[in-house]
Amino acid sequence: MEAASRLLCRISLLLLWLQPGLGRTRVVQAAPPGFIESSCPSRIFWVKLDKRFLQGKFFSLELVDPSGGIVLLDEQLAARCGYVLSEDVWGNPIFRASVLGCHVANKADELFSLTINIKVSSSPDMRQAATYTYPMYCTYSPWAPREIVCEENYMEVSVKSDVPAISDDDTATWMSALPEVQKVEYQVWQLIFLSPSGSTKIMVSDAAKLGYSFNNTLARVFLRAPYSSNESKLAVVNGVSMSTVSSTSMYKQRWLLLLIDTTVSCPIDGTSFTDTAVTWTLPSIIPTLVPQEPTFVSKNISVGVDGQRIMHPVQNYILEHNKTHIRITIPIGTAGGRLKSTVANGVHGVIYSINLFLEHTWTDVDWHMTKYTVIKPITTPFMPRIPTVINNTLPEKRTFDVAFGSFLPDVSLVTITIGNVPLSPGEAEHHGYKVYEIPFPNGTKGFNLEVPFDDPAVLKEYVNRNETKYTLRVNYTLDVGPEMKPYNHPAEVECVVADIELPEAVGYCDKENLYLAVPVSALYQHWNLYIGNKLLNQQTVLSNRYLLTTNSTHLVLQVPLFTMGIIYEEVSFQRLKTRFDLALRKANTLETIKTFSVSCNFNSSAFIVCYPNGTVTVSAPMKTIPSINMGKTKLKDSTCKPKEFNEEQAFFQFHVSTCGTSLKFAGDHIIYENEISYEREILPAWGPPRITRDPDYRLTVLCYYPTKERLMHTAIVSNLPTNGSPPFGYGTMMVRSNVSGHRRTRQVLNIIARVSKDESFMELYEPNLTIVKPSLEPMFFEVELKDEEPNVELHLNNCWMTGSSDFKSTSQWNITVDGCGNENNKSVTEFYPVSVSRRVKHPAHFKRLAVRMLIPLLGQVHLHCTVTVCSPPKVSSGNIWTCGGWCDPTRKRMGPICS
């Protein structure tokens with residue numbers, strides 16, 4: 001029997017041999033030290049080749065048969081004969097072979113030997129290859145009655161030939177094979193593959209053609225099957241997919257009939273992943289291997305990495321075992337595995353790989369003991385790891401300090417692009433930058449970059465009041481992973497430093513002028529000077545009779561007492577207190593940063609002040625010979641006397657709507673006119689005048705107001721609440737003059753705009769209030785001229801809406817055109833008549849309109865109007881009058897307009 005078994009084994013091996021290259025001359029060399037490492041864990045030959053010896057080269061493996069034949073290893077031979085050729089997590093080639101492999105010499109099922117040839121060549125056709133012959137020996141004993149190995153590319157089951165009797169529960173399945181047994185030829189092994197649809201009987205030689213390997217040793221029978229055979233079937237056991245080949249091996253020799261269960265089942269799934277751990281799950285009991293589950297008893301479970309058993313897995317792994325599952329949880333990054341950097345779709349990330357094996361020993365009533373070994377290489381999916389840019393800059397050092405990471409050791413910095421100039425780390429050092437690696441305790445690293453604030457590549461922007469925002473834009477280029485994949489990462493870091501000294505102005509006065517001296521250092525680099533809303537430039541200086549001088553350190557502005565920009569804080573009979581403000585504004589945003597002011601008291605006997613609200617203050621000097629009694633001076637309305645007077649001057653204060661003040665239009669101005677005169681004493685006091693000693697005294701007082709100015713009002717149209725208030729702007733500016741000129745101009749009319757809650761215009765929103773309305777509801781606007789003169793009319797020239805506060809915005813649509821409503825695809829405008837009421841004294845001073853949106857708008861809208869104040873028409877009509885013209889139902893202007 002033993003001799004026959006050995007003969008059959010030798011015949012099987014001969015059928016599997018391929019011997020290409022017989023007769024060639026081979027040069028066998030000794031392997032370089034450290035090139036080959038081997039071990040024999042759990043009855044598996046385990047060989048590792050150091051990849052450093054194979055860089056830039058090609059290699060192949062040959063198997064040396066005990067008889068001296070040589071077979072080249074390929075994929076089909078490997079799966080059928082019990083071999084695996086792969087790589088470990090570090091990229092070193094790994095060769096594994098079962099001790100029951102086709103080319104393994106077996107001595108009494110205890111001592112096993114295998115010799116391999118490793119051929120290394122510089123060319124892919126393996127010419128002039130160096131051959132390193134490497135013999136291996138493995139001792140394994142004792143064997144369990146049944147041992148199963150689940151490798152990467154094959155499943156292997158080996159059982160003792162003197163197996164126990166068939167259990168009662170499985171008798172039916174086994175007895176179904178008896179008819180086939182009767183047909184088995186003497187001393188010939190056959191295989192019966194069992195399935196729910198029936199059974200298939202094939203000879204061993206035919207099984208080899210299907211990718212199976214069946215043979216017997218001195219005391220064992222084994223079957224090796226690929227995962228993808230036609231006879232394998234997939235089943236899910238406790239959530240884990242299993243590949244199973246159910247088979248019975250038969251042998252008959254004279255009076256001996258041998259039936260051996262060679263069923264094998266291995267997991268093909270069971271791994272799951274999170275960002276922090278890998279979980280490998282296997283079923284505790286596999287029904288096809290344990291027909292009588294109640295008799296199942298788990299004896300031992302051990303775990304290993306790369307063939308090395310872990311003595312205390314609980315230190316790094318979580319091993320859980322219950323009646324249904326064996327679960328191993330491995331933290332990502334655990335020693336024994338490998339984290340490898342890579343790039344996928346331009347994203348930096350890592351992949352974690354580990355080669356695990358599990359050995360589970362159990363007993364049941366059918367098999368005294370089963371040793372179940374699974375070798376499982378695990379690789380996680382790509383896990384993005386976006387690098388972090390950390391700004392460690394200390395403003396007082398005036399140097400950017402930027403950390404970039406973290407990375408695994410397999411990442412290298414290739415270039416840093418600063419200011420669109422790519423630099424290697426060495427070149428960056430020559431440019432005055434510092435580039436260096438930062439090691440971290442967990443084995444990762446980062447890259448640190450230092451760039452001075454004053455470097456030309458650093459962007460500088462003036463922000464806030466006295467700060468500079470320094471911006472560094474960097475693009476890192478890295479080589480990632482063993483494959484050295486390129487990865488680019490742009491970064492932008494900022495640092496705001498209070499390093500700008502705001503200028504301090506010095507003010508002083510003489511008898512007729514106010515002066516401001518402003519340092520010019522960085523003045524026009526960051527700021528501009530404004531008088532009100534006008535930029536201080538040569539045109540402003542010339543048109544307002546200023547005098548501007550500069551030297552290397554200061555700008556000096558001389559402002560006459562009576563000119564635009566002077567603010568009269570106190571106007572009285574005793575003194576004239578004035579102030580001049582010069583605003584320091586950001587050059588880019590026009591935000592006022594600081595206001596320089598100079599304030600002085602003057603003793604002036606002749607001046608006129610036209611206030612924004614229509615109040616006029618005049619100091620009239622006595623310039624007659626002989627002198628007159630200034631207390632007897634008066635305005636056109638003789639009841640309007642001076643508030644104060646002395647021998648040299650009289651002080652008047654009145655409103656333009658009182659004291660006989662008249663109004664007329666001249667070009668672009670409204671002129672309010674009054675006259676100061678003296679009541680001469682005439683003798684006799686009654687009858688025709690005869691004689692007087694008093695001189696004639698008449699002083700004409702004129703105040704000029706522009707007829708047109710821009711009025712801006714803002715409303716919010718939104719379905720959601722909004723924070724902040726939109727701007728509501730109207731300005732006031734006073735211009736003073738001596739009496740001798742008789743003419744003074746005020747820059748802004750007293751015009752206000754409001755938003756009404758409804759079409760009654762009885763309830764108005766408070767000024768400077770953010771108004772939130774549904775987007776399709778109409779908005780009601782009212783514009784009023786604050787003036788007591790009844791014979792003037794307010795006219796809306798053009799009104800338009802924009803999405804921003806800038807009235808010049810390109811995104812705008814007209815609401816009124818030339819005083820008439822303008823219909824478009826966004827809105828409809830409707831004017832409302834105004835009549836005398838509690839709030840309305842002069843209807844001509846009001847304009848009311850409703851704007852109804854035709855399309856929903858979300859966000860802010862701003863209403864802008866230009867206005868004209870002019871004389872009303874001399875004829876009336878039922879139409880809406882607009883300064884001498886009217887609008888017909890088609891909203892077209894009819895008739896002339898004022899000029």
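# Exercises on a predicted structure

The side chain of Thr633 has a polar atom that lies 2.7 Å from the backbone oxygen of Met630, a polar contact in the sense of a pair of N or O atoms within 3.5 Å, where within protein one must be able to donate a hydrogen and the other to accept it, and where residues adjacent in sequence count only if both atoms are side-chain atoms. The model is predicted, so local features need pLDDT of at least 70 and side-chain atom pairs count only at pLDDT 80 or more, while totals for chains, interfaces and linings use all residues. Residues are numbered from 1 along each chain as its sequence is written, and side-chain values use heavy atoms, with hydrogens and water left out.

## Exercise 1: the surroundings of Thr633

Task: find the strand that holds Thr633, decide whether Thr633 is buried or exposed, and list what Thr633 touches beyond residues up to four places away in sequence.

Solution. Begin with the strand: Thr633 belongs to S52, which covers residues 633-634; strands (E, at least two residues) are DSSP runs, numbered from the N terminus. Next, take the relative accessible area, which is 0% for Thr633, and therefore Thr633 is buried, given that buried means under 20%, exposed over 50% and partly exposed in between, with a 1.4 Å probe and protein chains only. Finally, look for contacts, meaning heavy atoms within 4.5 Å: leaving out residues up to four places away in sequence, Thr633 touches Ile628, Lys641, Pro642, Ala650, Phe652, Ile676, Ser677, Tyr678 and Tyr697.

## Exercise 2: salt bridges

Task: state how many salt bridges the whole structure has, and then work through the pairs Arg309 and Glu359, Arg839 and Glu782, and Glu793 and Lys847.

Solution. A salt bridge is a side-chain nitrogen of Lys or Arg within 4 Å of a carboxyl oxygen of Asp or Glu, and a search of the whole structure finds 28 of them.

Step one concerns Arg309 and Glu359, whose side chains meet with an N to O distance of 3.1 Å. Arg309 lies in strand S25 (residues 308-309) and Glu359 in strand S29 (residues 347-363), so this pair ties together parts that are 50 residues apart in sequence. Arg309 is partly exposed, because its relative accessibility is 40%, whereas Glu359, at 8%, is buried.

Step two concerns Arg839 and Glu782, where the closest N and O atoms of the salt bridge are 2.8 Å apart. Because Arg839 lies in the loop between strand S69 (827-832) and strand S70 (846-853), and Glu782 in strand S65 (residues 779-785), the pair ties together parts that are 57 residues apart in sequence. Arg839 counts as partly exposed at 25% relative accessibility, while Glu782 counts as buried at 0%.

Step three concerns Glu793 and Lys847, with the closest N and O atoms of their salt bridge 3.4 Å apart. Glu793 is in strand S66 (residues 793-802) and Lys847 in strand S70, so parts that are 54 residues apart in sequence are tied together. Glu793 is buried, with a relative accessible area of 5%, and Lys847 is buried as well, with 9%. Salt bridges that share partners also join Arg754, Glu782, Glu784, Lys786, Arg839 and Arg848 into one network.

## Exercise 3: backbone details

Task: locate the cis peptide bond that joins Ser141 and Pro142 and the one that joins Gly405 and Ser406, and then describe the positive phi values of Ser42 and Asp109.

Solution. In the bond between Ser141 and Pro142, omega is about 0°, and Pro142 sits in the loop between strand S10 (130-139) and strand S11 (146-150). In the bond between Gly405 and Ser406, omega is about -5°, and Ser406 is part of strand S33 (residues 399-407).

Turning to phi, the value for Ser42 is near 50°, which is positive in a residue other than glycine. Ser42 is placed in the loop between strand S2 (36-39) and strand S3 (44-49), and with a relative accessible area of 19% Ser42 is buried. Asp109, which is not a glycine either, has a positive phi of about 55°. The loop between strand S8 (105-107) and strand S9 (111-121) holds Asp109, and Asp109 counts as buried at 7% relative accessibility.

Technical notes: Helix = DSSP H or I, 4+ residues; strand = E, 2+ residues; numbered from the N terminus.
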